[in-house]
Amino acid sequence: MQRMIKFNLLTLMVGTTIMSFICSYFFDIAMNNSEQYLAIAVVIFADGFFGIWKAIKAENFQTKLALKVPKTLVFWVIILTLILIVEKGIAGMGWLSESILIPFVLFQIISVLKNASMLGLIPSGVLTDILSKLDKHKDFKL
């Protein structure tokens with residue numbers, strides 16, 4: 001009986017040590033890159049807020065579409081964490097998070113502007129002007 005208690009205690013201590021290491025590793029990644037996590041959360045919630053507001057105003061709100069906001073947030077937090085682990089583990093990969101996240105953040109901001117314009121918060125002429133300045137070599141029509 002005494003031997004079984006020691007084995008269980010040793011197993012518990014080893015398991016706790018491993019979990020502590022893993023949690024402290026992810027905590028370090030999150031705290032050293034908190035700005036990137038915050039940027040993703042803000043653009044996703046802003047897009048979701050204006051999208052939900054637009055749906056309520058148009059009287060076609062759907063809960064399943066509103067639940068895409070937290071699902072999208074969880075997905076992009078996992079993607080960002082994986083990217084940051086790769087950047088930390090492989091020297092010379094510091095460009096990876098910027099090259100993947102900048103297009104995502106830009107598309108989310110454009111979506112926020114589009115939703116705000118559809119709500120009448122931004123005049124459509126201003127939105128067209130902003131979008132035309134993003135890509136001058138293409139013809140954009142709203």
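**View 1. Salt bridge between Lys88 and Asp28.** Lys88 forms a salt bridge with Asp28, the closest N and O atoms being 2.8 Å apart, where a salt bridge is a side-chain nitrogen of Lys or Arg within 4 Å of a carboxyl oxygen of Asp or Glu. Because Lys88 lies in helix H4 and Asp28 in helix H1, the pair ties together parts that are 60 residues apart in sequence; helices (H or I, at least four residues) are DSSP runs, numbered from the N terminus. Lys88 is partly exposed, with a relative accessible area of 47%, and Asp28 is partly exposed as well, at 30% (buried means under 20% relative accessible area, exposed over 50%, partly exposed in between, with a 1.4 Å probe and protein chains only). A search of the whole structure finds one salt bridge. The model is predicted, so local features need pLDDT of at least 70 and side-chain atom pairs count only at pLDDT 80 or more, while totals for chains, interfaces and linings use all residues. Residues are numbered from 1 along each chain as its sequence is written, and side-chain values use heavy atoms, with hydrogens and water left out.

View 2. Leaving aside neighbours within four places in sequence, Trp76 is in contact (heavy atoms within 4.5 Å) with Ile40, Ile44, Ile100, Leu101 and Phe104.

**View 3. Helix H5 and its residue Leu96.** With 23 residues, H5 reaches 34 Å from its first C-alpha to its last, close to the 33 Å expected at 1.5 Å a residue, the expected span being 1.5 Å times one less than the number of residues. The buried residues of H5 include Leu101, Phe104, Val105, Gln108, Val112 and Asn115. Leu96, which lies in this helix, is buried with a relative accessible area of 14%, and it touches Ile83, Val86 and Glu87, not counting residues up to four places away in sequence. Leu96 and Leu80 are 16 residues apart in sequence and 9.9 Å apart in space, C-alpha to C-alpha. Just after H5, Gly120 takes a positive phi of about 90°.

View 4. H2 has 24 residues and spans 34 Å from its first C-alpha to its last, close to the 34 Å expected at 1.5 Å a residue, and its buried residues include Tyr37, Val43, Asp47, Gly48 and Phe50. Just after this helix, Glu59 takes a positive phi of about 60°, although Glu59 is not a glycine. Glu59 is found in the loop between H2 and helix H3 (63–66), and at 75% relative accessibility it counts as exposed.

**View 5. A nonpolar surface patch that includes Ile18.** Leu10, Val14, Ile18, Met19, Phe21, Ile22 and Phe26 make a nonpolar surface patch of about 680 Å², where patches are made of residues with over 30% relative accessible area and no salt bridge, nonpolar side chains being joined within 5 Å. Ile18 lies in helix H1 (residues 2–32) and, at 47% relative accessibility, counts as partly exposed.

Terms used:
Helices (H or I, at least four residues) and strands (E, at least two) are DSSP runs, numbered from the N terminus. Patches are made of residues with over 30% relative accessible area and no salt bridge: like charges are joined within 9 Å, nonpolar side chains (Val, Leu, Ile, Met, Phe, Trp, Tyr) within 5 Å. Accessible areas come from the Shrake-Rupley method with a 1.4 Å probe; for residues, only the protein chains shown count as cover.
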